Amino acid sequence: MATAETVQPGDVTQRVGVEVIRARGVDVDKLIKMLVANAAEFASTYYYYTILRMNLAGHEDYKEICEDARLEDRAHWELIVPRIYELGGHLPNDLKEFHDQAGCRAAKLPDPPTAVNILTLLLESERCAIRSWSAVCDMTFGKDPGTYDLAAWILNEEIEHEAWFIELLAHERDKKSIPSGHFRRGEPGEAPYSKNRGFYNP
Amino acid sequence: MGQRAYRVELDTPDGRRSFDCGEGEHIWNAAHTDSVLLPAICHQGRCLTCSGRLLEGTVEHDHPDAYFPEDEAESYVLLCRAMPRSEVRIRTHQEWEMRNHRIARDLPAPYA
């Protein structure tokens, strides 16, 4: 097996960027599978949150918050996909196969599509994302700073999203005030931690 | 009136552990309360990280996202959503066994 030191000059079949993190104890194959599964969640979330957002008519504040989460999950998708390829992985060529890899439940429109049901679904979707990105952080902390940084940025925003939906659900369902600390994004889906390549992904 | 509880016995890589679990409680949660830390990620009955194999007894799954008749036929259980319906004995840490079982049957196997 190659190591970071033994990759030969001009060899395009090995990656020093992979071997250095493997040498530090990262199971790179497992990490790639986790990133693909998490990317599948983002692709799924972006799709289903679009539908959820469409069904929040009359709750324009909820709709805008849902829109921020939707766009930021797209930013997360675009942040993490390049890392999969840098590590030597790839996305499945078949969309159904990709969808089946997702480690979280698809955020399908609930029946009936009440604001309470939609907010509950959004909250639990964000919670699953927090758990799955925490797992990536645990796997890479102190070993793979590249992936860890991306995962931590994403995790920060998923934690924010959870706080938003706790606030909104507590208000809508329980008539309680549980402030999230949310300030309006400068623009919809600003993704203050994770939006990379602003020029490329305006 | 309190809910009925059943004795749960887990065969873990660190040895056998047992505790009581209410009939409306997820076995993973009861284990956690008893300081038995089991793997899990999604807590939605989807990702298979919490998979176990039922050795004795019966369980019911609480709205798992993806649990197939083929899983039940092979006694695989998802501890994050499984609730006891009798005294049970379960082998834990079966995530890769269950993923391989799913792959062999062309069923979804997240993280595989």
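Me: Where is B:Leu48 in chain B?
Reply: In this predicted model, B:Leu48 is placed in the loop between H1 and S3 of chain B.

Me: Is that residue, B:Leu48, buried or exposed?
Reply: B:Leu48 is buried, because 30 other C-beta atoms lie within 10 Å, and the cut-off for a buried residue is 20 or more.

Me: And what is its phi?
Reply: Phi of B:Leu48 is near 75°, which is a positive value in a residue other than glycine.

Me: What about B:Ser35, where is that found?
Reply: B:Ser35 is in the loop between helix H1 (27-33) and strand S3 (51-56) of chain B. Its phi is near 65°, again a positive value in a residue other than glycine.

Me: Buried or exposed, for B:Ser35?
Reply: B:Ser35 counts as exposed, because it has 8 C-beta neighbours inside 10 Å and the limit for an exposed residue is 12 or fewer.

Me: Changing topic: how many helices and strands are in chain B?
Reply: Chain B contains three helices and seven strands. Starting at the N terminus, the order of the elements is β-β-α-β-β-α-β-β-β-α.

Me: Which strands make up the open sheet?
Reply: The open sheet has five strands in the order S2-S1-S7-S3-S5 of chain B, and the pairing is mixed. From one strand to the next, the twist averages 35°.

Me: Which strands stand at the edges, and why does one side of each lack a neighbour?
Reply: Strand S2 (15-22) and strand S5 (76-78) of chain B are at the edges; each has a single partner strand, so one side of each is left without a neighbour in the sheet.

Me: What holds strands together in general?
Reply: Strands of a sheet pair through backbone hydrogen bonds, and the pairing is either parallel or antiparallel.

Me: In which sense do S1 and S2 of chain B pair?
Reply: Strand S1 (residues 5-12) of chain B pairs with S2(B) in the antiparallel sense, over eight bridges. As one example, B:Leu10 has B:Arg17 in S2(B) as its bridge partner.

Me: What is the radius of gyration of chain B?
Reply: Chain B has 13 Å, which agrees with the value near 13 Å that a compact globule of 112 residues would have. Its C-alpha atoms fill a box of roughly 45 × 30 × 25 Å along the principal axes. Buried residues make up 41% of the 112 residues in chain B.

Me: Now the cores. How many residues has the largest nonpolar core?
Reply: The largest nonpolar core has 57 residues, and B:Ile27, B:Trp28 and B:Leu79 have the most contacts inside it. Helix H2 (residues 28-54) of chain A gives the largest share of this core, eight residues. Apart from it lies another core of 18 residues, including A:Tyr49 and A:Trp164.

Me: What does B:Trp28 contact, leaving aside its neighbours within four places in sequence?
Reply: B:Trp28 is in contact with B:Leu38, B:Ala40, B:Cys50, B:Leu79 and B:Cys80.

Me: How many residues does each chain bring to the contact?
Reply: Chain A brings 13 residues and chain B brings eleven residues. On the side of chain A that touches chain B, H2, H4 and H5 of chain A each give two or more residues. The largest share of that side, four residues, comes from H5(A). The residues of that side divide into six nonpolar, three polar and four charged.

Me: Last one: which peptide bond is cis?
Reply: The peptide bond from A:Asp111 to A:Pro112 is cis, with omega near 0°. A:Pro112 lies in the loop between helix H4 (95-101) and helix H5 (115-140) of chain A.

Note on methods. Residues are numbered from 1 along each chain as its sequence is written. Chains are lettered from A and ligands numbered from 1 in the order in which they are written. This is a predicted model: local features need pLDDT of at least 70, side-chain atom pairs count only at pLDDT 80 or more; totals for chains, interfaces and linings use all residues. A nonpolar core is a set of buried Ala, Val, Leu, Ile, Met, Phe, Trp, Tyr and Cys residues joined through C-beta atoms within 7 Å. Two residues are in contact if their C-beta atoms, placed from the backbone, lie within 7 Å. Ala, Val, Leu, Ile, Met, Phe, Trp, Tyr, Cys and Pro count as nonpolar, Asp, Glu, Lys and Arg as charged, and the others, Gly among them, as polar. The radius of gyration is taken over C-alpha atoms; the globule rule is 2.2 Å times the number of residues to the power 0.38. Two strands pair if DSSP finds at least two bridges between them. Axes are lines fitted to C-alpha atoms, for helices over the stretch in contact, and angles run from 0 to 180 degrees between N-to-C directions.
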